[in-house]
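Here is my note on the model you sent. Please keep the structure open as you go through the points.

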Amino acid sequence: MLDFEYTDDELLAAAELYPSTWIVKHAIKNEVGTPLDFTKRKFLVDMYNDMSPHQVMLKPPQIGATVMNTLKALYVAKKKKKQIIYTLPTQGDVQDMVGGSFNRIIAQNPVLLDWVKDKDTIEQKAVGDSMIFYRGTFTSKQAMMIPSGLNIHDEVDASDQDVITQYETRLQAQEDGGWRWYFSHPSLSGHGVDIYWQQSDKKEWHITCPHCGDEHYMTWPDSVDTERECFQCKACKAELPTEARINGRWIDKDGRVWDGTPLIGTFSGWHVSQLMLHNKTAKELINASNDPNKDKQYFYNYVLGLPYIGSDDRIEPDVVLRNCEDIVNPQTSRVIIGADTGHGIHFTLMNSDGVFYYEHATLAQYKDPYDRIEEMLKKFPRSIAMFDQGGDLIGVRKLQAKYPGRVFLCWYRKDRKTVDLATWGQHEEYGKVIIDRNRLMTLIVEQMRDTGRIRLNGSQEEWEEWASHFGYIYREQVKTKELKDKDDSSLYGTQYVWKRNGPDHFVHTLMYAYVGLQKFGGGEAAIVTGNSMFNVPTGMTTDQQNYIPPSAFSNPEYQVEL
Ligand SMILES: [Zn+2]
C-alpha cells in the first residue's frame, strides 16, 4: 500500500504529461463542442499519447483522426516546444483544415485560445513559443526552407510524393534526424503511407473473446459472419459483443504489448480499421463490401484501412471458380500432368478438354509421392509429366529413365522479353523446359479472368481448394537493376514480379501443365506408347530463338527467386 497520497496539485500537474490526460483534465472539446470521450474509443488513447519521433498511421475515415492530429500538433508545439511543418495535399485542404476544424477546435477550448493567437494567418499559427506552418504539397513544389523539429504529413497518399521526399531529405540533414509523422488512408500496396508502415512495428488492436478467451486482432472477412450478420471470434466463431471490440490492447508484429515508451530508430505504426469502431455494425461492413458502386480498393482503403493490391495484380478464387463447368472430361486426348514438388507433390491433370483432376500426394499417404505420379503415367499411357526443378531431382530422373520422352523438368527463369514463354531443351538438354515465370503467370491469370478459356471440369465445391491457391499470389512492380554491359532497353525499368503470401502450389501445377499442353496437346509432337518411343521429340523445334544455351542451367542470370 502507498503510504502517501498525491495532492490535487500533483495530479493536475501529472495530467499535463500525456495528451490523453491533458484532454480529460481540460475537458477538451471537438470542433462541434462535444467533449472528447475515450470510453468507446479506447484504441485512441495510446495513439494520442505516442511521442515516438517516427510515426505512421493507416486510418480509415470517421475515427476522429483530424481532431487527434490537430490536438497532437498543438500539444507538441506548446509542450515540447517543437516547430512544426504540417502538410496536406493541396492548398484547398489547408484552407479547409485550418480555416475549418483547426479554428473551430481552438474556439471551443479556452486553454487553446490562450496558446494560439488569432491574428495568425491560415498558413502559420503561433503556439506558445513555437510555430505550426501549414502547407499544401501541390501548391508549393519545394519543401519549406525553415528549420522544423517535426514534420507531419497528413493524407500522404493524396499528396505529391516528390515534395514529401524533399521534406524527408531536409529533415534527415538535421542533427537528431528530426521527427516525422505520416498519416493517411492507404491507397496501393508499396505506395505512400504503406512505405512507412512496412518499416514500422505494425501495431494492431488485439481484443479478447469473452467466450473462449482467445486474443487476436480483427480481420476481414474472418471476423465477420455474413449469415448471422455479426462480428465473430476468429477462434470459436461465437458472436462478439461491442464491448469486446472496444476493450483491447495494442500489440506489435512481434507480439510486444505497447507500453507507451517512444520507439527510437523504427517507425511506430498504428493500423485502424472500421472493424474496431463501436458505432459500426457488421451489417454495415457487409453492405460496404457488397456495394456495387464501390470497387474493392475503396473497401480496402476506406473501410479496412489497408493498402490495396491492384485488381490486375491479383485474382480472387471466386473468379477462378467461374471457370467451372459441370461436365465430365472424356479423357480421350493426351493428358498433361503438372506437378509441384515440395510438401509432398501437388499435381493437376489437364488435356485439351479442360483441367479435370488435382491432388496433393503427401508423404503420409505415400512412402514416395513420386509413385503416385507414376500411377498416373501408367493410367494415361500417352500422358506427359511436367515437374518443377525445385524438388528431389532423383525422383524425377528415375521417372525420366523409366518413361523416356514423357517426363520434363521445368525451370523458371527471369523475365527476358526477347524469347518465348517456354523454351524446350534440345539434344543434351532434352527433358528440360525453361519457363518465363512472371509472364506466364500473368497470362494464366488473364486467361482465368476471361471465363471459359481454361475450363475446370466439375463443380465449384470440387475446385474450391485448388482455386484457393490463386488467392495467395499477387503481382508487384519491381525496379530492374541495370545490367552491366547489356545495351538492351527492355532490360531496364520496372517489371512485374509475382509473389506469394500463402500456398500457391496448384497455380504452378497449372502453369507446368499449360506449357506441356501447348507443346503436346495438339498431338503433333511426340507419340509415346508405353516404353517405346516413336519420333523421339528431340527439341520439338529447330528455331534458334527458341534454343536453350547449355549455360542456362548454371548461369545465375537464368535463376529466379521462388
Ligand atoms: Zn472465442
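**Notes on the model**

1. Start with strand E2. Ile84, Tyr86 and Leu88 point one way from E2, while Ile85 and Thr87 point the other way. Residues on both sides are buried. In a regular strand, side chains alternate between the two faces of the sheet. Keep in mind that this is a predicted model.

2. How many of the residues of E2 are buried? The strand spans residues 84–88, and five of its five residues are buried. E2 is thus described as mostly covered.

3. Now look at the partners of E2. Strands of a sheet pair through backbone hydrogen bonds, either parallel or antiparallel. E2 and strand E4 (residues 130–136) run parallel and are joined by five bridges. Here tyrosine 86 stands opposite tyrosine 134 in E4. E2 also runs parallel to strand E5 (residues 150–154), with four bridges between them. There, isoleucine 85 stands opposite asparagine 151 in E5.

4. Next, step back to the sheet. Seven strands form an open sheet in the order E3-E4-E2-E5-E6-E1-E12, and the pairing is mixed. Which strands stand at the edges? They are E3 (124–127) and E12 (268–271). Each has a single partner strand, so one side of each is left without a neighbour in the sheet. From one strand to the next, the twist averages 15°.

5. Helix H7 (residues 161–172) touches E2, E5 and strand E6 (179–184). The direction of H7 makes about 165° with that of E5.

6. Turn to helices H4 (residues 65–79) and H5 (residues 91–108). Their axes come within 10 Å and cross at roughly 70°. The two helices are therefore roughly perpendicular to each other. On the H4 side, the contact is made by Thr66, Val67 and Thr70. On the H5 side, Met97, Ser101, Phe102 and Ile105 take part. By class, this contact of H4 with H5 has four nonpolar, three polar and no charged residues.

7. The axes of H15 (residues 437–449) and H17 (residues 505–520) come within 11 Å and cross at roughly 95°. H15 and H17 are therefore also roughly perpendicular to each other. Leu440, Met441 and Ile444 in H15 meet Leu510, Met511 and Tyr514 in H17. Which classes make up this contact? The residues divide into six nonpolar, no polar and no charged.

8. Stay with H15 for one more residue. Leucine 443 has its place in this helix. Is leucine 443 buried or partly exposed? It is partly exposed, because 14 other C-beta atoms lie within 10 Å. Leucine 443 and methionine 511 are 68 residues apart in sequence. In space, they are 9.6 Å apart, C-alpha to C-alpha.

9. Check helix H11 (residues 296–303) too. Tyr300, Asn301 and Val303 are buried in this helix. Helix H10 (282–290) is included in what covers the buried residues of H11. After H11 comes glycine 305, whose phi is positive, near 65°.

10. Finish with the whole chain. The protein chain has 17 helices and 25 strands. Of its 562 residues, 38% are buried. Consider contacts between residues at least 6 apart in sequence: 69% of them join residues at least 24 apart.

How values were computed: Residues are numbered from 1 along each chain as its sequence is written. This is a predicted model: local features need pLDDT of at least 70, side-chain atom pairs count only at pLDDT 80 or more; totals for chains, interfaces and linings use all residues. Axes are lines fitted to C-alpha atoms, for helices over the stretch in contact, and angles run from 0 to 180 degrees between N-to-C directions. Angles under 35 degrees count as roughly parallel, over 145 as roughly antiparallel, 65 to 115 as roughly perpendicular and the rest as oblique. Two residues are in contact if their C-beta atoms, placed from the backbone, lie within 7 Å. Ala, Val, Leu, Ile, Met, Phe, Trp, Tyr, Cys and Pro count as nonpolar, Asp, Glu, Lys and Arg as charged, and the others, Gly among them, as polar. A residue is buried if 20 or more other C-beta atoms lie within 10 Å of its own, exposed if 12 or fewer, and partly exposed in between; C-beta atoms are placed from the backbone. Two strands pair if DSSP finds at least two bridges between them.
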